[in-house]
Amino acid sequence: MPNVKVLESKKVIVDALAEKLQNSTAAVFVDYKGITVAQDTELRNQFRAAGVEYTVVKNTLTRFAANKIGYNQFDELLNGTTSLAVTTGDPIAPARIVCEFAKKNANVLKLKGGLVEGSVLSAEELNGFGALPSKDALVAQVLGTFLAPISSLAFCLAQIVEKNGGGPVAEEEAPAEA
């Protein structure tokens, strides 16, 4: 029979993992077999820069934590070498970083599956996130799309004014208001 202290420490770990999984916007399980120390350091730096927490996890304790919060779909994924990337920020960041890193470093990382905003996703579905830009880049693209017509109108009006011999009116030349 295991020591009572050991069991209590494992319960604390399971509770912490369950809370981390439940409060995250995304949690991704990664198979990291064959990664070098230099590659692991580079990967951890990328995760840290994106606000993603990355840790190696014990499969059994993680399985207990996932089952505790109602995610028993991970039972078959949690074997072999497993690490966990968790974020409360950009929900596609963990999967995107793993996919980009796997492209640069062949046969080092592989997505096993995960959670994104409460939905369980397979490795194939998470790999689709690898092609998406970050949330900030998507917002910038949408804003750029909104601003394009206004910018075009302003440019056309400026061209018409210049063509008709007018120019921009300087503040000194502007007629005084009565």
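Because the model is predicted, local features need pLDDT of at least 70 and side-chain atom pairs count only at pLDDT 80 or more, while totals for chains, interfaces and linings use all residues. Residues are numbered from 1 along each chain as its sequence is written, and side-chain values use heavy atoms, with hydrogens and water left out.

Salt bridges come up first. Side chains of opposite charge can pair when their charged atoms come close. Here a salt bridge means a side-chain nitrogen of Lys or Arg within 4 Å of a carboxyl oxygen of Asp or Glu, and the structure holds five of them. One of these joins the side chains of Lys-68 and Asp-15, at 2.1 Å from N to O. Lys-68 sits in helix 3 (residues 59-68) and Asp-15 in helix 1 (residues 4-22), so this pair ties together parts that are 53 residues apart in sequence. (Helices are DSSP runs of H or I with at least four residues, strands are runs of E with at least two, and both are numbered from the N terminus.) Lys-68 counts as exposed at 52% relative accessibility, while Asp-15 is partly exposed at 38%; the cut-offs are under 20% relative accessible area for buried, over 50% for exposed and partly exposed in between, with a 1.4 Å probe and protein chains only.

Glu-53 belongs to strand 2 (residues 53-56), and the two residues are 33 apart, so distant parts of the chain get linked. Both ends are partly exposed, with Glu-53 at 39% and Lys-20 at 26%.

Arg-44 is partly exposed at 25%.

Helix 2 (residues 37-49) also packs against helix 4 (residues 93-104), at an angle of about 150° with the axes 10 Å apart. That makes the two helices roughly antiparallel.

Finally, there is the surface. Phe-146, in helix 6 (residues 135-163), is exposed, with a relative accessible area of 58%. Along with Val-139, Val-142, Leu-143, Leu-147 and Ile-150, Phe-146 forms a nonpolar surface patch with about 600 Å² of accessible area together.

Notes. Patches are made of residues with over 30% relative accessible area and no salt bridge: like charges are joined within 9 Å, nonpolar side chains (Val, Leu, Ile, Met, Phe, Trp, Tyr) within 5 Å. Accessible areas come from the Shrake-Rupley method with a 1.4 Å probe; for residues, only the protein chains shown count as cover. Axes are lines fitted to C-alpha atoms, for helices over the stretch in contact, and angles run from 0 to 180 degrees between N-to-C directions. Angles under 35 degrees count as roughly parallel, over 145 as roughly antiparallel, 65 to 115 as roughly perpendicular and the rest as oblique.
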